[in-house]
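I opened this notebook to record which charged contacts and which open spaces I looked up. The entries follow in the order of the searches.

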Amino acid sequence: RPVIFCTWEWIYTWWECFGKDYRLLVLFVYNQTEIVGILPLVLHKTVKNNWLGVRVLSFCGSAELYPDHLDLICSDSESEPCMDAIFDFLLSEYKDWDILCLNSLAEGANLISWLNRKKLSFGFETRQSAVAPFIPISGSFEEYITRIFNGKERYNIRKKQKRLYEQYGVRYASYDPSQDYEALECLFDLHERRAISKKIVSTFRGQDLLGFHQRLLQKINKDDGAWLRSLRNEKEVIAVFYGFAIGKRLLYYQMGFDPAWEHNSPGMVLFYEVINEAFSKGYLEFDFLEGDEEFKYRWTKQQRILLTANIYNKTIRGILSRNVYRLRAFVKRIIKKAG
């Protein structure tokens, strides 16, 4: 499944904004003169609470941007020889690492399949790290709504939609590309206001992150790229949806809405409109991406598993790190059984 997080636009923009803290290690696999695989990695210059001085390799952007559904970039038919070549290189030529930490791998990722098939000369651990709910799109939107909501629930959603539209003059609208900066600033502001009202600390905040998304939208294809949709009236924007369309899939990335309007359920009405539009445009899937938030399961009961793989080099710090990981896992199991 293609995702925005493995594109050149996403990774290069991340490097422009956050690369000062890393050493780039993008691995290219060739079949003669043709590139058949890419694994975009970075080496962390510093790692918080890293008392061992462990050298950690990870996906580009995984620490700051929380991407998911990640994998080796290649065709399925080339995945095994690509992975063989990459680990031959990492074990024999490039040895300046102790842990390869690959977060939020897609369920069924080629990386996971390869690790499970091979009898490796180094240690690795895999674990479920998150879930990603999604809506498979088929048939009409009306059929989907009837299937997922009962009659009373459908009535309540449409009642809230009608009240917003008729009583408050709200309308559903897309942003013109020339309004991208305005839309992003509004999204960040609304998201922050709601976080304050809920007394939570959000990771979706700050000028550095806003700057990343502003630069990203300069690079991506406007016809099949960012989705910025809003609920607004003549006076104000009350909710903004931010997502990405790629490979006939719509990925939900973030939403913000004015907490002063919360009693009118603008978030639910905006999701209703966005999912309806995805159906009308012939998309194959609406993906909520990582997170088990309750609101996602109002729209679907289906989900994918996301995995984290820690691969340990045969260095002293790599071996010690694996032993520490196993000890922590053992202690957690003991505490869980005792509690």
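Entry 1. I began with R322 and E125, whose side chains meet in a salt bridge at 3.3 Å, N to O; I took a salt bridge as a side-chain nitrogen of Lys or Arg within 4 Å of a carboxyl oxygen of Asp or Glu. R322 lies in helix 9 (residues 316-338) and E125 in strand 6 (residues 123-136), so this pair ties together parts that are 197 residues apart in sequence. I read helices (H or I, at least four residues) and strands (E, at least two) as DSSP runs, numbered from the N terminus. R322 is partly exposed, with a relative accessible area of 22%, whereas E125, at 16%, counts as buried. For these words I used under 20% relative accessible area for buried, over 50% for exposed and partly exposed in between, with a 1.4 Å probe and protein chains only.

Basis. The model is predicted, and I kept local features at pLDDT of at least 70 and side-chain atom pairs only at pLDDT 80 or more, while totals for chains, interfaces and linings use all residues. Residues are numbered from 1 along each chain as its sequence is written, and side-chain values use heavy atoms, with hydrogens and water left out.

Entry 2. I searched the whole structure and found 21 salt bridges. One of them joins D96 to R55, with the closest N and O atoms 2.9 Å apart. That pair links distant parts of the chain, 41 residues apart: D96 is in the loop between helix 2 (79-92) and strand 5 (99-105), and R55 in the loop between strand 2 (34-44) and strand 3 (56-59). D96 is partly exposed at 25% relative accessibility, and R55 is partly exposed at 21%.

Entry 3. I next looked up D189 and R193, which form a salt bridge with their closest N and O atoms 2.7 Å apart. Both lie in helix 6 (residues 180-198), four residues apart, about one turn of the helix.

Entry 4. I turned to the second largest pocket, which holds about 1,100 Å³ of space. A pocket here is an open set of points on a 1 Å grid over the protein atoms alone, where a 1.4 Å probe fits, with protein on both sides within 12 Å along at least five of seven lines; lining residues have an atom within 4 Å of a point. I noted 36 lining residues, with H191, Y252, Q254, E293 and F295 nearest the centre of this pocket. Strand 10 gives the most to its lining, six residues.

Definitions and conventions. Grid points are joined across faces, edges and corners, and a volume is the space filled by probe spheres set on the points.
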